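User: I have a model open here. Can you walk me through what stands out?

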Amino acid sequence: MSKKLCVIGLGYIGLPTAVMFASHGLQVHGMDVNEKAVTMIRNKQLHIEENGLQERLNAVIDSGNLTVSTTPEEADIFIIAVPSPINADKTANLEYVRTATKSIVPYVRKGNLVILESTVPPRTVEDVMMPVLEETGLVFGEELYISHSPERVIPGKVFEELVNNDRIVGGINEESSRLTEELYRTFVKGTIHITDATTAEMVKVIENTYRDINIAFANELAKISEKINVNVWEAIKLANYHPRVNIHLPGPGVGGHCIAVDPWFLVELQPDLAKMIHLARSTNDGMPEHTANRVQELLNKQGIQKGRVAVLGLAFKANIDDMRESPSMDVLRHLESQSTDYTAYDPHIKENKHPRQTQDILEAVDHADMILILTDHAEFKEMDPAQLAGKMRTRIVFDTKNCLNRSKWEAAGFELYALGDSKHQSGIQ
Ligand code: SAJ
């Protein structure tokens, strides 16, 4: 395909997508309002962490297939991949989508295709984007094609999932869908499913809502298990051997810019109907406080009143550098309000983003009474407890991700507790 592409938004989704098309021979122009990010990308530096991105970026900048700047350029196809966060009151913030759409209006020509990849509340293409695109004066579906094709890739595995996942394409008419399908066929090996724009919006939002509700169920089971001498991790694992059961895993909360956000879109649209969705959100949002309370309980059990905790893991999930909506931040806030002293450490967050963060794990555990695991980074699973033990004042470890090897840590003299586990001896009885 020899079409020119303009990608608006060079973040976690837009940059890998722009790079992917460019490495398949398309001429791609990427634009972002963040000047610093644009300069970095132009110099082949990454402002985000993603497996395989660096090599691919080097190649497409060198080949000239990817250019970047802070303004859009004329193109055949525009892809919008900007954030769609929620406001403090949990309503959708569609300002970035609106502004990005406005920014391309002067560049859009007859015959162009505009694709929205950002996750949005159902009806956004019709009610928010189309009124803005009316300013082009082009006839929708005949002179200007529009569709929604939500990104559905998981951070850390973006390049693998861009290629292999099925893709949803929802055009405002058949021709919009056909042109969009043709574009993504450039690299998508999964099936491309065609629907309308509003259904495509709904599909994306309900995928993440399904996960949120499932995780809330797991978190509720964890809290129940803490009272009845059950290890929830074992119980869920055994239940999942059933061919029709797929229970997710508990944890210190749900983070990221997707699962903790998208369900609110449905709550906002239909507050009286979205009851279970709302309750699941509240359950998951309550987990950081539950975690901090457990920390207190465990310290008090040892007679420690003003404990010092080494908090390991600030990213919202394993092996990434993304701290957006990370439940760890909430856990820290609750520890602070309980006057618990702590130092935080995360091998993936290379600049200190929190005043009590350190880049040195030995400093984090120095004179600590507890190691609190909030993210299951590979580095944490491989830690040598014997090396850390010598630095600590009290050898307690509280694992909210069930990622540590119990016998290894107990052999080094630690009392190991896990979220949702009151079965093991050192668990709460
Ligand atoms: N989590 C749990 N228990 C689990 C699974 C996850 O507590 O069993 C927590 C994680 O620790 C993390 C949060 O949930 O804090 C979200 O992590 P995630 O890996 O489930 O999801 P995201 O937000 O990184 O990516 C999701 C994906 N959606 C689905 O799997 C349905 C991804 O495919 C989407 O592209 C992305 O949202 C998005 O952009 O919407």
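User: Let's start with tyrosine 345. Buried or exposed?
Analyst: Tyrosine 345 counts as buried, at 11% relative accessibility. Keep in mind that this is a predicted model.

User: Which ring does tyrosine 345 pair with, and how are the planes set?
Analyst: The partner is phenylalanine 380. The ring centres are 6.4 Å apart and the planes meet at 50°, so the pair is tilted. Phenylalanine 380 is buried too, at 0% relative accessibility.

User: Where do phenylalanine 21 and tyrosine 184 sit?
Analyst: Phenylalanine 21 lies in helix α1, and tyrosine 184 in helix α7 (residues 174-184). So this pair bridges parts that are 163 residues apart in sequence. Phenylalanine 21 is buried at 0% relative accessibility. Tyrosine 184 is also buried, at 0%.

User: Which residues do ring pairs link into a cluster?
Analyst: Phe21, Tyr184 and Phe187.

User: What lies over the face of tyrosine 184?
Analyst: Arginine 167, at 3.9 Å from the ring centre. There is another such case at phenylalanine 159: arginine 56 lies over its face, 4.2 Å from the ring centre.

User: On to packing. How many residues are in the largest nonpolar core?
Analyst: The largest core has 39 residues. Those with the most contacts inside it are Leu5, Phe21, Val28, Leu66, Ile79 and Tyr184. Helix α1 (residues 14-23) gives the largest share, six residues.

User: What is valine 28 in contact with, leaving aside its neighbours within four places in sequence?
Analyst: Leu5, Val7, Ala18, Phe21, Ala22, Asn65, Leu66 and Thr67. Of these, Leu5, Phe21 and Leu66 are also on the list of residues with the most contacts inside the core.

User: What does the second core include?
Analyst: That one is separate and has 36 residues. Among them are Ile80, Ile86, Ile104 and Ala274.

User: Now the ligand. How many residues surround it, and which are the closest?
Analyst: 21 residues surround the ligand. The closest are Glu151, Val153, Lys204, Asn208 and Leu249.

User: Last topic, the backbone. What is phi at asparagine 319?
Analyst: Near 60°, a positive value in a residue other than glycine. Most residues other than glycine have a negative phi. Asparagine 319 sits in the loop between β9 (308-312) and α13 (327-337). Its relative accessible area is 36%, so asparagine 319 is partly exposed.

User: And what about phi at asparagine 402?
Analyst: Positive as well, near 50°. Asparagine 402 is in the loop between β13 (396-399) and α17 (406-411). Asparagine 402 is partly exposed, with a relative accessible area of 36%.

Terms used: Residues are numbered from 1 along each chain as its sequence is written. This is a predicted model: local features need pLDDT of at least 70, side-chain atom pairs count only at pLDDT 80 or more; totals for chains, interfaces and linings use all residues. Side-chain values use heavy atoms; hydrogens and water are left out. Helices (H or I, at least four residues) and strands (E, at least two) are DSSP runs, numbered from the N terminus. Buried means under 20% relative accessible area, exposed over 50%, partly exposed in between (1.4 Å probe, protein chains only). A nonpolar core is a set of buried Ala, Val, Leu, Ile, Met, Phe, Trp, Tyr and Cys residues joined through side-chain atoms within 4.5 Å. Contact means heavy atoms within 4.5 Å. Rings of Phe, Tyr and Trp (its six-membered ring) pair if their centres lie within 6.5 Å; planes under 30 degrees apart count as stacked, over 60 as edge-to-face and the rest as tilted. A charge sits over a ring if NZ of Lys or CZ of Arg is within 6 Å of the ring centre and within 35 degrees of the ring normal. A residue is near a molecule or strand if one of its heavy atoms lies within 4 Å of it.
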